[in-house]
Protein chains: 2
Amino acid sequence: MRIGLDMMGGDFAPLEAVKGVKLFLDTVATNVHLVLIGDEQALLPLIADAQLDQSKYSIVHSSQVIGMNEHPTKALKEKQQSSIAIGFYLLQHKKIDAFISAGNTGAMMVGAIYSIKPIDGIQRPTISTPLPREDGSANTLLDAGINADCKPENLVQFAVLGSLYSQYILGVPQPKVGLLNIGEEEGKGNLLAQATYPLLKENEQIHFIGNVEGRDVFTDKADVVVCEGFTGNVILKMAESFYDLSVRRNIQDEYIARFDFETYGGTPVLGVSEPVIIGHGISKATAFKNMIVLAEKMIETKLLDKIKESFPTKVE
Amino acid sequence: MRIGLDMMGGDFAPLEAVKGVKLFLDTVATNVHLVLIGDEQALLPLIADAQLDQSKYSIVHSSQVIGMNEHPTKALKEKQQSSIAIGFYLLQHKKIDAFISAGNTGAMMVGAIYSIKPIDGIQRPTISTPLPREDGSANTLLDAGINADCKPENLVQFAVLGSLYSQYILGVPQPKVGLLNIGEEEGKGNLLAQATYPLLKENEQIHFIGNVEGRDVFTDKADVVVCEGFTGNVILKMAESFYDLSVRRNIQDEYIARFDFETYGGTPVLGVSEPVIIGHGISKATAFKNMIVLAEKMIETKLLDKIKESFPTKVE
């Protein structure tokens, strides 16, 4: 199993990426071979310092970096030697089985959608975010901000994707799917929610439990919370700000501590045909380690095969 | 100044309503005369117990109550002797200068819009919610859940209404108005946010400072945060759930304590032609007291005149 890691992506790369690799190799028993994509000159001294097991990794040199604020499409096109462009090239040509980057999110999405492609039948690939629960587990909210305007059919596909993710990656046997809404009963909400409810209700691929509200997103009412990416992104950023608040105000609470992004690492792009994981720009060692763990789990559980089976191509 | 109070509205009425009246009369120096609308038989013993100053209130008997889960339009039409119907009748006929209820929110909105009417030029009356800030003040978010689907022009009107509320009621000299969005730059967001941004930018009635994100809603980046009522309601309920969480987990923090709804009382219906305040169903004494204080302030500051001046009727 070969996992590609963009060593140049994120605010603290390449140092924290190297530290994350070391943390992974030191703490996780694995047969993963890591393909470290980045500027060899920058990487070699850091890797020497970290004393990584040489049998566990190889380096693929990249001479360019896509900056965090560059225009995604333009940058990917013009910087063919960037770590992100090379990562997608390797993934597309089956040289790696998954690709991880904490770099430019837009470039990662463009690469995932245009070089790796959506799975047949999936209209809009999506990204999710975990929402921590007090019982120690986490709910899956999607879309977390990629698809700001959605149709009801998109939300139904998010529900199926989130459900499979929850089942195979988070180990929830029969994930309860909730529609984010502003009231409990069917018929409540905006036009999108009103139109989506009956579609979710009749869908036999998921275990739909009805509407969930803003107060429910951190509870066990639903394991998967579905919404368009505008509201989803607002929820995600509000949750992050509560963590920052707790640090600033010195609130010591083991549950609130789990609102820290580092606990989770990154989010897979669900609905594209190969495992792609996007990390937060502020990712440090733990986040990089956790993204590698997630990639390994996506490959081991054959999540993408399960997704492909759930979206069968129509026979002509 | 005469303020009408529905004594039968809310989960803990009429007892907590009476307690709220007592708290108001005991702690706030005022020339307000309270018009207590409710079932005389239920009220009299409670009022006797509370030993209210008889010069400060009068009772208007109502023989019916609209339940929290009744259909708003139907209930208002059929229960003409309900406390809410009588309250709107008194307000419409200038017998009271403001009307407050913690009862059926839908019935309050229907009454506000159909018996009191929107101010000329206002397309959609709205409700707001305070969002506490660490500096002790509060931001104003609107719409908080009444208008789930909005057009850009609605959001612009919310911005003007919220700005006037922030200035006259909360005492912010030149309120900064932010558009809730999922990115910082102009051009980001869903179609609604993209179309609203330029309208806010060119509006000379407000001090528009650009986009704010989920992480900014509790900060001093903007004093007024504008969004459609779907996302607004999700934010409000998430904020409430953080308070519940802090209680459940015994987190002692004076800032988090201000996420308690009781601190604020209720929300005015902004954009209708008389002061109408809607309380939370769970309102207790402090919330009732604070709603009376808010009503008094709306009358004293002539907020509604300021709003009417900001929406001048077109001269034919």
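**Reading the terms in a predicted model**

Me: Pro14(A) sits in the loop that runs between strand 1 and helix 1 (15-27) of chain A. What makes a stretch of chain a helix or a strand?

Reply: Helices are DSSP runs of H or I with at least four residues, strands are DSSP runs of E with at least two, and both are numbered from the N terminus. By that count chain A has eleven helices and eleven strands. This is a predicted model, in which local features need pLDDT of at least 70 and side-chain atom pairs count only at pLDDT 80 or more, while totals for chains, interfaces and linings use all residues. Residues are numbered from 1 along each chain as its sequence is written, chains are lettered from A and ligands numbered from 1 in the order in which they are written, and side-chain values use heavy atoms, with hydrogens and water left out.

Me: What is the peptide bond that joins Ala13(A) and Pro14(A)?

Reply: The bond between Ala13(A) and Pro14(A) is cis, with omega at about 0°. The bond from Leu142(A) to Asp143(A) is also cis, and its omega is near 10°; Asp143(A) belongs to the loop between strand 6 (138-142) and helix 6 (152-168) of chain A.

Me: Why is Lys94(A) called exposed?

Reply: A residue is buried under 20% relative accessible area, exposed over 50% and partly exposed in between, using a 1.4 Å probe and protein chains only. Lys94(A) has a relative accessible area of 61%, so it counts as exposed. This residue, which is not glycine, has a positive phi near 60°, and its place is the loop between helix 4 (83-92) and strand 4 of chain A.

Me: What makes Gln51(B) exposed?

Reply: Its relative accessibility is 67%, so Gln51(B) counts as exposed. Phi of Gln51(B), again a residue other than glycine, is positive, near 50°, and the residue is found in the loop between helix 2 (40-50) and strand 3 (57-61) of chain B.

Me: How do you know that strand 2 (residues 33-38) of chain A and strand 3 of chain A pair?

Reply: Two strands pair if DSSP finds at least two bridges between them. Strand 2 and strand 3 of chain A have five bridges, in the parallel sense, so they count as a pair. Within this pairing, Val35(A) stands opposite Ser58(A) in strand 3 of chain A.

Me: Which strands pair with strand 4 of chain A in the parallel sense?

Reply: Strand 1 of chain A pairs with strand 4 in the parallel sense over three bridges, with Ile100(A) as the bridge partner of Leu5(A). Strand 4 is also joined to strand 11 of chain A by three bridges, and these two run parallel; here Ser101(A) stands opposite Ile278(A). Both faces of strand 4 are covered, as Ala98(A) and Ile100(A) on one side and Phe99(A) and Ser101(A) on the other are all buried.

Me: What is the order of the open sheet in chain A?

Reply: Its eleven strands follow the order 3-2-1-4-11-10-5-6-9-7-8, with mixed pairing. Strand 3 (57-61) and strand 8 (207-212) of chain A are the edge strands, since each pairs on one side only.

Me: Why is the pair of Phe242(A) and Phe242(B) called stacked?

Reply: Rings of Phe, Tyr and Trp (its six-membered ring) pair if their centres lie within 6.5 Å, and planes under 30 degrees apart count as stacked, over 60 as edge-to-face and the rest as tilted. The two rings are 3.2 Å apart, centre to centre, with 15° between the planes, so the pair is stacked. Phe242(A) lies in helix 8 (residues 229-248) of chain A and Phe242(B) in helix 8 (residues 229-248) of chain B, so the pair joins two chains. Both Phe242(A) and Phe242(B) are buried.

Me: How do you know that Lys284(A) sits over the ring of Phe12(A)?

Reply: A charge sits over a ring if NZ of Lys or CZ of Arg is within 6 Å of the ring centre and within 35 degrees of the ring normal. The charged end of Lys284(A) sits over the ring of Phe12(A), 4.8 Å from its centre. In chain B, Lys284(B) lies over the face of Phe12(B), at 4.8 Å from the ring centre.

Me: What makes chain A as compact as a globular protein of its length?

Reply: The radius of gyration is taken over C-alpha atoms, and the globule rule is 2.2 Å times the number of residues to the power 0.38. For 316 residues the rule gives 20 Å, and chain A has 19 Å, which is close to it, so chain A is as compact as a globular protein of that length. Of these residues, 59% count as buried.
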